[in-house]
Amino acid sequence: MVSEGTTAKRVVDEVSGWLRVFDDGSVDRTWTGPPEALFLMEPVPPFDTPRDGVTLHDLPGDPSLRLYLPSPPPPEGRREPLPVFLHFQGGGFCISRSSWLMYYQFYARLAASVPAAVVSVELPLAPEHRLPAAIDAGFAALLRLRALARDPEVELVRSVDFSRVFLIGDSSGGNLVHLVGARAWEEEEAFWSPLKVAGGILLQPGFVRSTRSRSELELRADSVFFTLDMLDKLLALGLPEGATKDHPYTCPMGEAAPPLEKVRLPPFLVGVADRDLIRDTNLEYCEAMKKAGKEVAVVISEGVSHSFYLNKFAVDNDPTTAKRTEELIAAINGFVRLH
């Protein structure tokens, strides 16, 4: 009931199940979709006692970071400094948190498998913080890593090789890999030393155009986690005011973006799912990068859709999803060993 003299807040925009934007600018991200999916959004608290092959540590700051370390460490004779994954979560720039179980279950497994240190960035969310806020936060996270690399007193990261930092991102986080990677490589090596961005891994990145691709028109959404309506609405809230999906943040291979030939970038691995609604624009990006002379490896996951590896229920219960997740981790591992 609304008290006399007050006015009820009115919903002015909504992404079904995910968020509601009110006329006073506030945002409610309470999940209202299928309750059986809620467990994927449960935050995982940090822990020092090894579990799932890792320990998990929160590093508050601007931005805050979450550190996965393989545990127990390899035997003394086989111990090598750990490469680093700097992780940007997905969510169309508007939803999801790096502490969620959907990310933990994959990135703990990746950290233990490679083995590697994984550093997840707590990104600012739109529409309160539209792009380029998340890009700025990603770059600031790299600067935090540089500070850690230059401080020999930080015991937590003494086993880490900061000369082998790999950016990695899911969905819209894949866009950030391209954008943060390009900004990082604008600087000279001395600016980052001893840190080096050695590569980037874009997992079903959110690259699109204003016009629908063939895969968007022909494939059917098979999950509440990714639909065309959700894609359109989240990007409308995440991009700068008035921007279309042809903006360079979401279409780096488009006419409005800087020519890829002139953009300095590290080697990339791009993960494409063949049942992904935006499969065709993912592949278009890969071809444009290759045409521009960039080093790009592509791994295509057959029979699965967008961000399949984050769905713990499917990974645990569907043999195809389990197999494709295993193959994806192997491809990431191979890419890291090459660079």
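Predicted model: local features only at pLDDT ≥ 70, side-chain atom pairs only at ≥ 80, totals over all residues.
**Stop 1: the annotated span.** Select residues 86-309, which the unreviewed UniProt entry annotates as "domain: Alpha/beta hydrolase fold-3". The span is 34% helix and 17% strand, and its end C-alpha atoms lie 18 Å apart.

**Stop 2: the largest pocket.** Next, show the surface and look for the largest pocket, with a volume of about 550 Å³. Two elements, α1 (101-113) and α6 (228-238), each give two or more residues to its lining. Color α6 if you want the element that gives the most, with four residues. In total, 32 residues line the pocket, and Ser 223, Phe 225, Phe 226, His 306 and Ser 307 lie nearest its centre.

Stop 3: Ser 307 counts as buried because its relative accessibility is 14%, and the cut-off for buried is under 20%.

Now select Ser 305, in the loop between β12 (296-301) and α8 (312-317). Ser 305 also counts as buried, at 14% relative accessibility. Leaving aside residues up to four places away in sequence, Ser 305 touches Gln 204, Asp 222, Ala 273, Arg 275 and Asp 276.

**Stop 4: Gln 204.** Follow that contact from Ser 305 to Gln 204. You will find Gln 204 in the loop between β10 and α5 (214-218). Is Gln 204 buried or exposed? It is buried, with a relative accessible area of 1%. The phi of Gln 204 is near 45°, again a positive value in a residue other than glycine.

**Stop 5: Val 197.** Move to strand β10 (residues 197-203) and pick Val 197. This residue is buried, at 4% relative accessibility. Beyond residues up to four places away in sequence, Val 197 touches Leu 142, Val 165, Leu 167, Ala 184, Trp 185 and Pro 266.

**Stop 6: two cis peptide bonds.** Finish in the loop between β8 (117-121) and α2 (133-149), where Pro 127 lies. Most peptide bonds are trans. Here, the bond from Ala 126 to Pro 127 is cis, with omega near 10°. Pro 132 is in the loop between β8 and α2 as well, and the bond from Leu 131 to Pro 132 is cis, with omega near 20°.

Definitions and conventions: Residues numbered from 1 in each chain as written. Heavy atoms only, no water. UniProt positions renumbered as here; feature names shortened; annotations may be inferred. Buried < 20%, exposed > 50% of the residue type's maximum accessible area, 1.4 Å probe, protein only. Contact = heavy atoms within 4.5 Å. 1 Å grid on protein atoms, 1.4 Å probe; cavity = no way out; pocket = protein on both sides within 12 Å on 5 of 7 lines; lining within 4 Å. Points joined across faces, edges and corners; volume = space filled by probe spheres on them.
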